[in-house]
Amino acid sequence: MAAPFFSTPFQPYVYQSNQDAVIPFQIFGGEAQVVQIMLKPQEKFIARPGSMCFMSGSIEMENVFIPENEVGVWQWFFGKAVTSVVFHNPGLSDGFVGIAAPSLARILPIDLAKFGGEILCQPDAFLCSVSDVKVSNTVDQRARNVMSSVEGFLRQKLTGQGLAFILAGGTVAQKVLEVGEVLAVDVSCIAALNNTVNVQIKYNGPVRRAVFGGDNLVTATLTGPGIVFIQSLPFRRFSQRIARAVTSPNMRDNPKFFVQIAIFFFLAYVVIVSSLILTDV
């Protein structure tokens, strides 16, 4: 039986929360945003290393290892940071800290209390957090969700009841999936989602597309209920297009490159055919 069709619209993500319950903050900027967090005396928050842009003179910062964030050799092996930066206001007056996105990304404030205390994000999505937020990297053990790259199966999981700030590239849309509602999304365009959303990975096309590359190669089929945050310009896609733009003109200006490639494939073809003929003889 086919899943029912729903017409719930895509909506821009708008943060709504009781301002008395969280530390005041302000997000400004366009494509590479900055979140300014206000700290009262003796208040503190946690951020990823290298994210500080500016801060008032009364703020102190310390690079520390946080055991509750479940970081260690596994994350370090895949190039993940094993420390976090703690910003603390020991003074008698209010202070502020500006945390900047490391790329052309937008900053999304996520109140985990409104998401059931847990949300799954793309790798390296976490930027900073206030109050009770635990960051961990999780591996999906289901075989159908294991992909050929680390980004495919290593995801960040945020748990707790505090306020977290995550990163998403381009325009960000929020989609509320009803029970049984199905949505197909390019894997790289998923910024975050509820743990109640069922995810199934599908490879589009034959295996040779996976070898030689291709756009929209892997699609995720999402089944509700739950909330999905979709980004229009993932950093991986953006960096690949920059690399192509930088590399392609050089190739066009060097015709000998294509001649060398043609000679290489011709020689490889001759070797393979010769080996087959000699084997038959």
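**Aromatic pairs, a salt bridge and an open sheet**

In this predicted model, Phe229 has a relative accessibility of 0% and therefore counts as buried. Phe115, at 10% relative accessibility, likewise counts as buried, because the cut-off for that class is under 20%.

The structure holds 4 aromatic pairs. The rings of Phe115 and Phe229, with centres 5.9 Å apart and planes at 50°, form a pair that is tilted. Phe115 is placed in the loop between β9 (105–111) and β10 (118–121), whereas Phe229 belongs to strand β20 (residues 226–231), so that this pair ties together parts 114 residues apart in sequence.

The count of salt bridges comes to 1. It is formed by Lys175 and Glu181, with 3.4 Å between the closest N and O atoms. Lys175 counts as buried at 4% relative accessibility, and Glu181 is buried with a relative accessible area of 4%.

An open sheet of 4 strands is arranged in the order β2-β3-β8-β5 with antiparallel pairing. Strands β2 (25–28) and β5 (52–55) stand at the edges, where each has a single partner strand, so one side of each is left without a neighbour in the sheet. From one strand to the next, the twist averages 20°. Within this sheet, strand β3 (residues 34–39) runs antiparallel to strand β8 (residues 95–100) and is joined to β8 by 6 bridges, with Ala100 in β8 as the bridge partner of Val34.

Notes
Residues are numbered from 1 along each chain as its sequence is written. This is a predicted model: local features need pLDDT of at least 70, side-chain atom pairs count only at pLDDT 80 or more; totals for chains, interfaces and linings use all residues. Side-chain values use heavy atoms; hydrogens and water are left out. A salt bridge is a side-chain nitrogen of Lys or Arg within 4 Å of a carboxyl oxygen of Asp or Glu. Buried means under 20% relative accessible area, exposed over 50%, partly exposed in between (1.4 Å probe, protein chains only). Two strands pair if DSSP finds at least two bridges between them. Helices (H or I, at least four residues) and strands (E, at least two) are DSSP runs, numbered from the N terminus. Axes are lines fitted to C-alpha atoms, for helices over the stretch in contact, and angles run from 0 to 180 degrees between N-to-C directions. Rings of Phe, Tyr and Trp (its six-membered ring) pair if their centres lie within 6.5 Å; planes under 30 degrees apart count as stacked, over 60 as edge-to-face and the rest as tilted.
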